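Please keep the viewer open as you read.

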Amino acid sequence: MPTATAYAAPSATGDLALTTIERREVGPHDVHIDIKFAGICHSDIHTVRGEWGPQQYPLAPGHEIAGIVTEVGSEVTKHKVGDRVGVGCMVNSCKECANCEAGEEQYCLNGNVGTYGSVDLDGTITQGGYSSDVVVNEDFVVSIPESLDLDVAAPLLCAGITTYSPLRHWGAGPGKKVAVVGLGGLGHMAVKLASAMGAEVTVLSQSLMKMEDGLKLGAKDYYATSDPATFEKLGGTFDLIINTVSASIDISAYLKLLALDGTLVNVGAPAEPLPVQAGALIGGRRSFAGSAIGGIRETQEMLNFCAEHGLGAEIEVIPAEKINEAYERVLASDVRYRFVIDAATIA
């Protein structure tokens, strides 16, 4: 089988290191992509460290991939050599269930195939974007508009679509008040996107440390959740709250910030349960929901929206040799706001 160079985790406790991984031959419906940039997502860390379940190693993570098409299969119609493309969090699905047919492959009833650490339809374990190249079914490859630089576009394939999808689904737009909990990799994109959609955006962060950033990104207001007065002042305010943090928070307290019929949507994925007081829901006919990434159609819509509005992720580009250092900095919240690996540095 063809091989690619990659940075992979040898175990749940070992540092990622340069290695060689296998890639499949380009099939009739496949696209071969020369990876230019790959974003680092907090979920990469959770996965390779076995925090979301056991993995098969070595494992190359990375599901925020931007690159150039270098080869297409004989029956490919959606992409051609030289195209600027992206690959997000999934690379296959059954394509036959009701959700897949509705363009919601992320909710495939038979389980979508993740970009890394998943069993593909051919029985192989997928390997991700911390690598020189990748082969993906054409249906799971999206086009990156010319006006978006590939480095700032890469994180849009996860952080962008993960926040765009619930904002669209729950109707963020003019006349709506949207709060974003947490100003990190996901949160900063939620602020940008909600603002571009025309909503009035407020950031709810543990402290005011990033207040200047939040306002520059498009927020109208910024409050510290460590201050009890915040929850008193903002009670019954918001139509929609997007919770981006992957940590246990007092969901009931945040639910009480919603206006009548408001919704709090969780896109962060903490390992701990999030208990909810029934009264916090009943009192204002409020809803507590969750949302994953978007489907392929919606991901393309998101990229086109970002191109139209001049939106990209706020990034720090790093060489591959600094991946392990970047992991520690992500855990320490020492990044504004997404690390992106320059794949040219993967020897």
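Which residues in α4 meet which residues in α10? From α4 come G160, I161, Y164, S165 and R168, and they meet E298, T299, E301, M302 and F305 in α10; a contact here means heavy atoms within 4.5 Å. Helices (H or I, at least four residues) and strands (E, at least two) are DSSP runs, numbered from the N terminus.

Before going further, a word on the basis: this is a predicted model, in which local features need pLDDT of at least 70 and side-chain atom pairs count only at pLDDT 80 or more, while totals for chains, interfaces and linings use all residues. Residues are numbered from 1 along each chain as its sequence is written, and side-chain values use heavy atoms, with hydrogens and water left out.

**Helix α4 and its surroundings**

The axes of α4 and α10 come within 10 Å and cross at roughly 100°. Such axes are lines fitted to C-alpha atoms, for helices over the stretch in contact, with angles running from 0 to 180 degrees between N-to-C directions. The two helices, α4 and α10, are therefore roughly perpendicular to each other, a label for angles of 65 to 115 degrees. Sorted by class, the contact of α4 with α10 has 4 nonpolar, 3 polar and 3 charged residues. In this sorting Ala, Val, Leu, Ile, Met, Phe, Trp, Tyr, Cys and Pro count as nonpolar, Asp, Glu, Lys and Arg as charged, and the others, Gly among them, as polar.

How enclosed is α4? Of its 11 residues (159–169), 9 are buried, so the helix is largely enclosed by the rest of the structure. Buried means under 20% relative accessible area, exposed over 50%, and partly exposed in between (1.4 Å probe, protein chains only). Among the buried residues of α4 are I161, Y164 and L167. Their cover includes strands β10 (177–181), β13 (238–243), β14 (258–266) and β17 (338–342), along with helices α5 (185–196) and α10 (296–309). Just after α4, G171 takes a positive phi of about 75°.

At 3% relative accessibility, S252 counts as buried.

**Charged pairs**

The model has 17 salt bridges, each being a side-chain nitrogen of Lys or Arg within 4 Å of a carboxyl oxygen of Asp or Glu. Three of them are set out here.

| Pair | N to O distance |
|---|---|
| R338 and E64 | 2.7 Å |
| E146 and R84 | 3.8 Å |
| K220 and D221 | 3.7 Å |

R338 in strand β17 and E64 in the loop between α1 and β4 are 274 residues apart, and both are buried. E146 is exposed at 65% relative accessible area, whereas R84 is buried at 15%. K220 is exposed at 52%, while D221 is partly exposed at 24%. Finally, R24, D30 and D120 are linked in a network of salt bridges.

Key: Angles under 35 degrees count as roughly parallel, over 145 as roughly antiparallel, 65 to 115 as roughly perpendicular and the rest as oblique.
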